[in-house]
Amino acid sequence: MSEQFEISVVISTYNRCDMLPAAVESVLAQDANGISYEVVIVDNNSTDRTREAVEAFIARGHANVRYVFEAQQGLSHARNAGISAARAPIVAFTDDDVRAAPDWIVSIKRAFDEHPEVDFVGGKVLPQWLATPPAWLTKKHWSPLAILDYGDEPFYVDTEKQLCLVGANLSFRRAVFEQTGLFKPDLQRVKDGVGSMEDHEFLLRVWATGRRGLYVPGIVMSAEVQEERMTKQYHRRWHTGHGHFYALMRAEEMEQSDARLFDVPAHLYRNVLQSAIGWLAQSLRAHEDLAFKHETELRFFRGFFRQRRKEFNATKPRSTPREVALFVQSLVAAKLHRKVKRES
């Protein structure tokens, strides 16, 4: 591996030739203070003029820009191609619809230099609203927008504090990929899909190896929030997709219940009941943002349940009424047990 560059910036893109140049320009315009870096742009099988957009930068003399074509559709395939092409010991990921702060490269390098104990760093992705956001779109509803702000104090993210940093502003030491592997294609965003889990699943594997990361508030990206993403329709679709991918991932945090129906853990049924009650209560109080938060939890369950039931029906016979009744009894018994324990 060549040490010519200190940082490799990987930008994955799909059919955004009009949006991509502004993202690339923000990275090329860095006040890098002598830090050498390359920009690896992975064209994920685009059908527009993405290649021409990238070659225009190369033609203008940006020797540190490289074009990589990845025919396998999906964000994980694109990122993995970028990792393979990257030539630096630090690999920084960002997206084709965000803009880097002028000191983004310097801040990444400083964070790794000052914290040799961490293997990845991430920071803020702040919104640039293209229209006035609706009243219900509070920070509680930022996840589907891929924007993130955990505050102005740095902290570790590890097994003790498993907060997900987003791929639009996330950098790793190359050794992480050598030990942990690459991004998983079965949980990736494909084309315009939403709710995918490739970032979260990868971080879970990184934490499982004992590695830790650092949230650095000074590492800043900004993201344009299109009007279509400020609609409840988009957020409903995102949370349904998120539930689908969570069902596929089978994360330990979701699989903790012994009692199951259609292979859905019992605690999720309890959660969905609480969400339904919460949605009704907040709707009656005209608290639109809180009511919609409960609705998105119901949408998550819908996506999760639909995927698990599909898998269950494909491998096992349908549950009998007796099995359903026994499952309900187990839920009631568990609730009574918790009540007795609290009162004792």
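Is Glu-52 buried, partly exposed or exposed? At 36% relative accessibility, Glu-52 counts as partly exposed, where buried means under 20% relative accessible area, exposed over 50%, and partly exposed in between (1.4 Å probe, protein chains only). Before we walk on, please keep in mind that this is a predicted model, in which local features need pLDDT of at least 70, side-chain atom pairs count only at pLDDT 80 or more, and totals for chains, interfaces and linings use all residues. Residues are numbered from 1 along each chain as its sequence is written, and side-chain values use heavy atoms, with hydrogens and water left out.

Let us stay with Glu-52 and its partner. Its side chain meets that of Arg-49 in a salt bridge at 4.0 Å, N to O; the term stands for a side-chain nitrogen of Lys or Arg within 4 Å of a carboxyl oxygen of Asp or Glu. Arg-49 is exposed, at 53% relative accessibility. Side chains of opposite charge can pair when their charged atoms come close. The structure holds 26 salt bridges. Among them is the one between Glu-6 and Lys-109, at 3.6 Å from N to O. This pair links distant parts of the chain, 103 residues apart: Glu-6 is in the segment before β1, and Lys-109 is in helix α4 (residues 104–114). Helices (H or I, at least four residues) and strands (E, at least two) are DSSP runs, numbered from the N terminus. Glu-6 is partly exposed at 26%, whereas Lys-109 counts as buried at 16% relative accessibility.

Another salt bridge joins Glu-255 and Arg-250, at 3.9 Å from N to O. Glu-255 is buried, with a relative accessible area of 18%, while Arg-250 is partly exposed at 37%. Both belong to a network of salt bridges that also takes in Arg-260, Asp-263, Arg-308 and Glu-311.

Most residues other than glycine have a negative phi.

Now for the aromatic rings. Rings of Phe, Tyr and Trp (its six-membered ring) pair if their centres lie within 6.5 Å; planes under 30 degrees apart count as stacked, over 60 as edge-to-face and the rest as tilted. By this rule there are 18 aromatic pairs. In one of them, the rings of Phe-93 and Phe-172 have centres 6.2 Å apart and planes at 70°, so the pair is edge-to-face. Phe-93 sits in strand β4 (residues 90–95) and Phe-172 in strand β8 (residues 170–173), 79 residues apart. Phe-172 also pairs with Phe-120, with centres 5.5 Å apart and planes at 35°, so this pair is tilted. Phe-120 is buried at 0% relative accessibility, and Phe-172 is buried with a relative accessible area of 0%.

A charge sits over a ring if NZ of Lys or CZ of Arg is within 6 Å of the ring centre and within 35 degrees of the ring normal. The charged end of Lys-161 likewise sits over the ring of Phe-155, 4.1 Å from its centre.
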